Amino acid sequence: MIFNIQRYSTHDGPGIRTVVFMKGCSLGCRWCQNPESRARTEDVLLDPRLCLDGCDLCQKAAPGVIERALNGVIIHREKLSAELIPALRTCCPTQALTVCGEEKSVDEIMATVLRDKPFYDRSGGGLTLSGGEPFMNPALALSLLKASHDAGIHTAVETCLHVPWRYIEPALPCIDLFLADLKHIDPTVFQQWTDGSAKRVLDNLKRIAAAGKKMTIRVPLIQGFNADEASIRAITAFAADELHVRDIHFLPYHTLGMNKYNLLGLPYSAPDKPLDAPELLDVAQRIAREKGLTATLRG
């Protein structure tokens, strides 16, 4: 299942790219900017600001699940079922209520990807799988990567690598670049902020490096989690000494995805202000240079 296809991207790998966003992730990062990507199934988003007074079309589409009250529309999300999704996709005239996620075949997705092959050829771009976590749907990921590879299109995967190695390994011959998150080295801190296993991620990173695959390490810097010199040193040392990568990207924390939690009816437990630490970012770049890495700041 996917939830978006973004053409003409220039921030998800080299050149001009088409990014396919896939549903499903096994982590629960507090700062996740795409919370609508976590579930493998469809999500329903509601923006009350766009609701029309007196409109009850969504309530009619899902009686007993959606109701209008004095304080607006209420969605009883625990009662949502797959059978209701088709009606909910088309019921709202203002798009106050939207459904995130849809099943598309490999041929349907590749029809969009192939549309821009001349731009990939000229710019060195291609296909990027993102998410969510693309390897949470290993069969679809492999099929898309193989189809692109066979068509002579450069392939990249944005991944947290928090999946079994058997989900990743079959796709290795079809992947030109890994854009791999390295969020933290400490297993306790990693688990507290992501609900996941740092060991699983670090082991997968080592296996990818041992396979000789090109990899760029990406480090989201979040205050209270890893936006401190000690954490940055540990992460950078692992990237340089254990993985022998050449490129590392530091991604300062921002809050652009915060409103999505409201749309999904979810609490937001990450910091409510963007990272404002220019001196620390300078330190991060210096530490990377000292380890022989090319450091890039990405917004």
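## Reading the contacts

Contact here means heavy atoms within 4.5 Å. This is a predicted model, in which local features need pLDDT of at least 70, side-chain atom pairs count only at pLDDT 80 or more, and totals for chains, interfaces and linings use all residues. Residues are numbered from 1 along each chain as its sequence is written, and side-chain values use heavy atoms, with hydrogens and water left out.

## Helices α3 and α5

Let's start with helix α3 (residues 106-114), where V106, I109, M110 and V113 meet L140, S143, L144, A147 and S148 of α5. The residues of this contact comprise 7 nonpolar, 2 polar and no charged. Nonpolar covers Ala, Val, Leu, Ile, Met, Phe, Trp, Tyr, Cys and Pro; charged covers Asp, Glu, Lys and Arg; the others, Gly among them, are polar.

How do the two helices lie? The axes of α3 and α5 (residues 138-150) are 10 Å apart, at an angle of about 40°. That angle makes α3 oblique to α5 (under 35 degrees is roughly parallel, over 145 roughly antiparallel, 65 to 115 roughly perpendicular, and the rest oblique). The crossing is right-handed, meaning that the near helix is turned clockwise from the far one by less than a right angle.

## Helices α9 and α11

Now for another pair: α9 (residues 229-242) packs with α11 (residues 278-290) at about 30°, their axes 10 Å apart. This makes α9 roughly parallel to α11, and their crossing is right-handed.

On the α9 side, E229, I232, R233 and T236 take part, meeting L280, V283, A284, R286, I287, A288 and E290 in α11. This contact has 6 nonpolar, 1 polar and 4 charged residues.

Definitions and conventions:
Axes fitted to C-alpha atoms, helices over the stretch in contact; angles between N-to-C directions. Helix = DSSP H or I, 4+ residues; strand = E, 2+ residues; numbered from the N terminus.
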